Structures are given as structure tokens and as C-alpha cells.
Amino acid sequence: MNTSQSVQPMQSLDEWDDFVAVRYRQDKTEDQFRDYSTDANPGVTEFYRQNHAQQTVEFVLAARTEFLKLNRGKKSIWEAAEYLNTLVDDSDPDTDLSQIEHLLQTSEAIRKDGHPRWFVLSGFIHDLGKVLCLYGQPQWAVVGDTFPVGCAYSDQIVFPEFFEANPDSKVPEYQSLYGIYEPRCGLDNVYLSWGHDEYVFNVTKNYLPEPAQYILRYHSFYAAHKHGAYRHLMNEHDEQMFEWVKKFNPYDLYSKGADRPNFKEVKPYYEDLVAEFFPAQLDW
Ligand code: FE
Ligand code: FE
């Protein structure tokens with residue numbers, strides 16, 4: 001394995017999304033959710049091995065310092081989407097699903113169900129944080145299920161055995177139930193593993209209603225929104241807002257098989273929608 005392969009073990013970021021969709025396939029029972037090993041492929045498994053070993057408190061704090069200054073230039077939502085779309089998966093000619101297409105399939109499914117405009121918008125922008133990959137970040141620091149760092153790892157996190165290799169697992173302070181946090185302190189006070197959720201939340205938070213902020217920020221926090229873990233860190237308000245995160249998740253997971261949206265046809269709708277909430281440019 002050469003260096004670039006070991007840093008980017010998946011052929012594309014979609015491999016992780018596909019893995020999660022299979023893990024939570026709708027015809028599966030709760031027990032079968034846990035039995036994901038059979039669905040895993042070596043790239044995704046290696047990806048989780050790296051993610052769980054390297055997402056430490058120290059890494060998360062450093063990434064936040066580096067990226068949350070939002071000093072990587074101004075871009076419109078459209079420029080960010082086009083930029084993200086340059087992340088093409090040339091390994092698999094059969095799945096020419098561009099990144100924009102996943103965003104549109106998610107948002108169009110939400111729109112068809114008659115949800116509020118901010119909810120549709122959340123679907124359309126939820127993965128724009130994946131531009132982190134284009135900043136040269138390794139896959140394990142862009143995608144993957146997110147989880148709190150600085151406290152005990154829940155056994156509801158996928159591949160929990162891989163935390164053994166995380167230096168934080170040897171720090172007693174980080175391995176108590178609450179770790180560096182207070183009981184029910186609220187997720188806003190909790191550091192989650194670093195990735196595209198937290199980044200896009202920070203870029204857009206000033207312009208979105210709070211349920212949309214929660215959707216962007218916690219859509220990969222499967223241990224909490226799918227398995228009910230980490231309630232001891234969440235407050236009453238988080239619990240309420242997570243109803244929206246849960247409502248969003250099926251659109252993210254299951255809209256892939258849907259019709260391919262005709263981008264040209266729907267673009268005017270999205271241009272209006274984006275302009276309704278966002279200024280011409282945002283700090284990224
Ligand atoms: Fe995502
Ligand atoms: Fe997504």
C-alpha cells in the first residue's frame with residue numbers, strides 16, 4: 001500500500017455514504033443494523049480504522065482552530081457546490097452520481113413531501129462541508145459517523161473496537177462517562193469528531209433557523225440520532241431539535257435510488273431558495 005492509498009483508503013467519499021445506507025437499509029431489523037460487518041468492504045473498514053484511531057481531542061481542537069476561522073475565501077453556495085462537484089469519482093464509471101446530484105436528490109425528496117423551505121434548503125447544502133477534502137484533508141477527517149471526543153466511546157458507534165488504537169483511550173479523564181463534560185451540558189458544549197458536518201454548520205449557521213443548523217451539524221451523529229446514545233450529554237433542547245435530525249436522515253440515506261433530478265429544470269427554484277436565506281457570498 002503506498003502512502004496516498006493509505007491516507008485515502010476509499011475510492012471516493014461516496015463509499016462511506018453507501019456503507020451507511022446499506023447499514024440502515026429499510027428492510028433491516030434493529031438487530032441487523034448492528035451486523036454491518038458483512039456489508040463492509042476493505043476500503044471502508046480501513047477508513048474507520050483510521051478515523052477512530054486519529055480523531056483525538058487534540059486533533060479536533062486543532063482542526064477547529066484551523067478551519068473555523070473561515071479564512072479560506074468567500075464563495076457563494078453555488079460556487080461551493082460547483083467546487084465540491086470537482087471531487088469526481090473516476091474509479092467507478094457506473095456511479096456517475098455527482099456530489100450535486102446527491103444534494104439535489106435529498107432536497108427534492110424533502111420538497112416532494114411538502115416540507116418547509118428551510119428544510120429543503122438543508123437537504124440541498126448538507127454535504128457542502130465535504131469541500132474539506134479539496135483542502136487536502138484525509139477522508140477520515142471529512143466523513144464518517146461522528147462521535148464525541150473527550151469522554152467514553154459509546155458501544156453504539158460503528159466499529160467500536162477500533163478506538164483501542166486511539167491515544168485518548170489511554171487517558172482516564174477522557175474515558176469516564178462524562179469525560180471533560182458536565183452531565184446534560186448540551187451538545188453545543190461537546191466536541192464531536194471533526195468533519196464535514198461541523199464545518200458546513202459553522203459556515204451557514206448565521207443564516208439558518210435552528211432546526212436547519214441541527215440537521216447540518218449532527219446529520220452524521222448516528223450513535224445519537226439512530227441509536228439514542230449520548231443522551232447524558234444532551235439537554236432538553238437538543239432532544240427537541242433532534243426530532244428534525246431524525247426526520248432528515250431518511251432523505252439523506254434513501255433518496256439515492258430516486259429519479260435523477262433535472263438540474264436545469266429545478267435550478268430557478270433553488271436559486272430563489274438560496275437567495276432567500278443567504279447573502280451572495282459566505283466565508284468558507
Ligand atoms: Fe453528510
Ligand atoms: Fe449526504
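This is a predicted model: local features need pLDDT of at least 70, side-chain atom pairs count only at pLDDT 80 or more; totals for chains, interfaces and linings use all residues.
Let's start with what "buried" means here: a residue is buried if 20 or more other C-beta atoms lie within 10 Å of its own, exposed if 12 or fewer, and partly exposed in between, with C-beta atoms placed from the backbone. Residues are numbered from 1 along each chain as its sequence is written, and chains are lettered from A and ligands numbered from 1 in the order in which they are written.

First, the overall picture. The chain has 13 helices and two strands; these are DSSP runs numbered from the N terminus, with helices (H or I) of at least four residues and strands (E) of at least two. Its radius of gyration is 18 Å, close to the 19 Å that the globule rule gives for 284 residues, so the chain is as compact as a globular protein of that length. (The radius is taken over C-alpha atoms, and the rule is 2.2 Å times the number of residues to the power 0.38.) The C-alpha trace spans about 55 × 45 × 40 Å along its principal axes. Buried residues account for 42% of the 284.

Now go inside. The largest nonpolar core holds 71 residues, and Trp16 and Ala223 have the most contacts within it. Helix α12 (residues 236–254) gives the largest share of this core, six residues. A nonpolar core here is a set of buried Ala, Val, Leu, Ile, Met, Phe, Trp, Tyr and Cys residues joined through C-beta atoms within 7 Å. In soluble globular proteins, nonpolar side chains tend to be buried together.

In α8 (117–125), seven of the nine residues are buried, namely Phe119, Val120, Leu121, Ser122, Gly123, Phe124 and Ile125. Their cover includes α6 (77–85), α7 (99–112), α9, α10, α12 and α13 (263–277). Helix α10 (residues 210–218) also has seven of its nine residues buried, so it is largely enclosed by the rest of the structure. Those residues are Ala212, Gln213, Tyr214, Ile215, Leu216, Arg217 and Tyr218, and what covers them includes α8, α9 (196–204), α11 (222–225) and α12.

Back to Ala223. Leaving aside neighbours within four places in sequence, Ala223 is in contact (C-beta atoms, placed from the backbone, within 7 Å) with Asp145, Phe147, Ser154, Gln156, Ile157, Ala229 and Tyr230. Tyr230 sits in the loop between α11 and α12 and has a positive phi of about 65 degrees although it is not a glycine. With 23 C-beta neighbours inside 10 Å, Tyr230 counts as buried. Arg184, in the loop between α8 and α9, is not a glycine either and has a positive phi of about 50 degrees. Arg184 has 14 C-beta neighbours inside 10 Å and so counts as partly exposed.

Finally, look at α6 and α7, whose axes are 7 Å apart and meet at an angle of about 125 degrees. The contact brings together Ala81, Leu84 and Asn85 of α6 with Gln99, Ile100 and Leu103 of α7: four nonpolar residues, two polar and no charged.

Definitions and conventions. Two residues are in contact if their C-beta atoms, placed from the backbone, lie within 7 Å. Axes are lines fitted to C-alpha atoms, for helices over the stretch in contact, and angles run from 0 to 180 degrees between N-to-C directions. Ala, Val, Leu, Ile, Met, Phe, Trp, Tyr, Cys and Pro count as nonpolar, Asp, Glu, Lys and Arg as charged, and the others, Gly among them, as polar.
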